Amino acid sequence: MTSEETRIGRRGGGRAARKAARLAPEVEVDPCPPGQRGGAYRPLSDAKLTAICNEAFRVLEEIGMSEVPQVVQEKALAGGAHLNDLGRLCYPRSMVEDIIAGAAKSFIYHGRDPRHDFEVGGDKVYFGTGGAAVQTLDRKNGLYRPSTLADLYDFTRLVDTLPNVSWFTRCCVATDIPDNFDLDINTAYALLAGTTKPVGTSFTMPEYVAPVIEMFDMALGGEGRFKERPFCKAHISPVISPLRYGEDAVGVTLECIRLGVQINNIVAAMSGATAPATPAGFLVQSTAETLAALVMVNLFAPGYPMIFSNWPLVIDLRTGAFCGGGGEISIMNAASGQISNHLGLPSGVASSMSDAKAVDAQMGMEKGISALAAGLGGANMIYESSGMMASLLGASFEAFVADDEMLSHVHRAIRGVEVNEETLGFETIREAVIGEGHFLGAAQTMDAMQRDYFYPTLADRNEPRTWEEAGATDLWTRARTRADEILASHYPTYIEPEVDKAIRERFNILLPKERLRP
């Protein structure tokens, strides 16, 4: 020990005393909860933002949309749109701007448990899930296999325990259910059984929406209850790139509006394939397409709750393969969120779509970069942020656990630095300089310890010898252990037995009752 260390140790009561003081306070306040205010990162200057939005309006006015369902075309023409010489439906800028002015600027995304409710809109940032992985990373052998209904239920109840995953959209497809109607019903049932957080799903056909809502009403206690408290939103892509409507998805959208299902409208073009390869051109087209969906929704239901989700997806232009991780997709999603917020609309983007197959350094690098960029960019809803692997082809229990801890760091970064008389600490500096000569044990230090710092439980901060003595485990191993512990113990009962019986009598529920308990 140096003379300086000896001096500090004596004044502070010794190393053991200082360590005890640091460990003594219990962390009662989460220093980085969901809902931090984003927007500090602005990849687009005001001039670039204006140029992209202007060009998007021009695309809708001069190029327009094709393959327009008759019901949409009639409504649009009556609302001020016109057909150009090629028969494409064109929206004048003034019409689009009027639609934006009357569109929903925020809404409450409900959980079945009100403590999970949060507002979508403004500048608050939340992370959740998305995706439709067809494979699951097996916890026993570390290899991928087809996803099942049991996997979906297990993912749902795992996410039920993860504080930074604010909502759960089904992350995988139950490939063991061949019938599409049974798939939609059983997907919704797994969400009901596994969590009371807000959830999201998709619908294969318009006629499948009503039966799912009927099941939700049963779970909530009666007909019409879901419409009073819509805890599940629909993930829909009514616009197909480049610049055309999809008839089935439009039908699903209109049925969701009729039944009160909030909409996450997703435009997910791919650079150099279904959208321009240049980031600026991509953002022009993606913004125009998402506006086309916004116009459609508001023509039928002005002010209807819709998330303006323009998700840039990137492909490797050498091979054509989707690239879920990297600098390009990170900056483009951050820019998309900036555009949506500029328009004043509830915004959604995607992040953490790692191309890695294992829970490894590549995964951490890609997820950390993209989640931080999207969060600092200020999008309200950041999808795909947890659990997704292998360029969205796979989902991982271990990745969900690791990502939840990563998101604490991201929320902390978004929170930034609070500057006020207390935090500037003039008197604390004075007292340390003329007194103990250090800040260990100071009142401000103890307060900051709980308020300003996040302490990971999964990441290892031990020195090498201690790490070796504890088994020299890597993050993948520790995350697997944590996931195993949760899945072995967390079997929530979110559907009353008599309601579950009625649901099973009404629908072909394929998840055995025995699977819902240890």
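Mentor: Let us begin with Asp 123, which is partly exposed, its relative accessible area being 29%. Please keep in mind throughout that this is a predicted model.

Trainee: Which residue meets the side chain of Asp 123 in a salt bridge?

Mentor: The general idea is that side chains of opposite charge can pair when their charged atoms come close. In this structure the partner of Asp 123 is Arg 37, with 2.6 Å from N to O. Asp 123 sits in the loop between strand 5 (118-121) and strand 6 (124-127), while Arg 37 belongs to strand 1 (residues 36-37), so the pair ties together parts that are 86 residues apart in sequence. Arg 37 itself counts as exposed, at 51% relative accessibility, because the cut-off for exposed is over 50%.

Trainee: How many salt bridges does a search of the whole structure find?

Mentor: The search finds 25 salt bridges. Another of them joins Arg 58 and Glu 62, whose closest N and O atoms are 3.5 Å apart. Here the two residues are four apart within helix 3 (residues 46-63), which means that about one helical turn separates them. Arg 58 counts as partly exposed, with 44% relative accessibility.

Trainee: Which residues are linked in a network of salt bridges?

Mentor: The network links Arg 415, Glu 418, Glu 422, Arg 451 and Asp 452. Within it, the side chains of Glu 418 and Arg 415 meet at 2.6 Å, N to O. Glu 418 is partly exposed, at 32% relative accessible area, whereas Arg 415 counts as buried, at 18% relative accessibility.

Trainee: Is His 411 buried or exposed?

Mentor: His 411 is buried, with a relative accessible area of 0%, and its place is in helix 14 (residues 397-415). To see what surrounds such a residue, set aside everything up to four places away in sequence and list what remains in touch. For His 411 that list is Cys 32, Pro 33, Pro 34, Gly 35, Gln 36, Val 125, Phe 127 and Asn 164.

Trainee: Which residues does Ser 347 touch, not counting residues up to four places away in sequence?

Mentor: Ser 347 lies in strand 18 (residues 347-350) and is likewise buried, its relative accessible area being 0%. Its contacts beyond those places include Ile 307, Phe 308, Gly 337, Ser 340 and Asn 341, and also Gly 378, Ala 379, Asn 380 and Met 381.

Trainee: Where is Leu 220 found, and what is it in contact with?

Mentor: Leu 220 is found in helix 8 (residues 209-220) and is partly exposed, at 22% relative accessible area. Apart from neighbours within four places in sequence, Leu 220 is in contact with Arg 112, Arg 225, Phe 226, Arg 229 and Phe 231. Consider Arg 112 in particular: Leu 220 and Arg 112 are 108 residues apart in sequence, yet their C-alpha atoms are 8.2 Å apart in space.

Trainee: At what angle do helix 6 and helix 19 pack?

Mentor: Two packed helices are described by the angle between their axes and the distance between the axes. Helix 6 (residues 149-159) and helix 19 (residues 475-489) pack at about 100°, with axes 10 Å apart, and that angle makes helix 6 roughly perpendicular to helix 19. The contact is made by Asp 154, Arg 157 and Leu 158 on the helix 6 side, and by Ala 483, Ile 486 and Leu 487 on the helix 19 side.

Trainee: What should I look at in the backbone itself?

Mentor: Look at omega and phi. The peptide bond from Ser 241 to Pro 242 is cis, with omega near 0°, and Pro 242 is placed in the loop between strand 12 (239-240) and strand 13 (244-245). Glu 384, a residue other than glycine, has a positive phi near 65°; Glu 384 is found in the loop between strand 19 (381-383) and strand 20 (388-389) and counts as buried, at 3% relative accessibility. Leu 392 also has a positive phi, near 75°, and lies in the loop between strand 20 and strand 21 (394-396).

Trainee: Which residues make the nonpolar surface patch of about 420 Å²?

Mentor: That patch is made by Ile 429, Val 433, Ile 434 and Phe 439. Of these, Ile 434 has its place in helix 16 (residues 426-434) and counts as exposed, at 67% relative accessibility.

Methods: Residues are numbered from 1 along each chain as its sequence is written. This is a predicted model: local features need pLDDT of at least 70, side-chain atom pairs count only at pLDDT 80 or more; totals for chains, interfaces and linings use all residues. Side-chain values use heavy atoms; hydrogens and water are left out. Buried means under 20% relative accessible area, exposed over 50%, partly exposed in between (1.4 Å probe, protein chains only). Contact means heavy atoms within 4.5 Å. Patches are made of residues with over 30% relative accessible area and no salt bridge: like charges are joined within 9 Å, nonpolar side chains (Val, Leu, Ile, Met, Phe, Trp, Tyr) within 5 Å. Accessible areas come from the Shrake-Rupley method with a 1.4 Å probe; for residues, only the protein chains shown count as cover. A salt bridge is a side-chain nitrogen of Lys or Arg within 4 Å of a carboxyl oxygen of Asp or Glu. Axes are lines fitted to C-alpha atoms, for helices over the stretch in contact, and angles run from 0 to 180 degrees between N-to-C directions. Angles under 35 degrees count as roughly parallel, over 145 as roughly antiparallel, 65 to 115 as roughly perpendicular and the rest as oblique.
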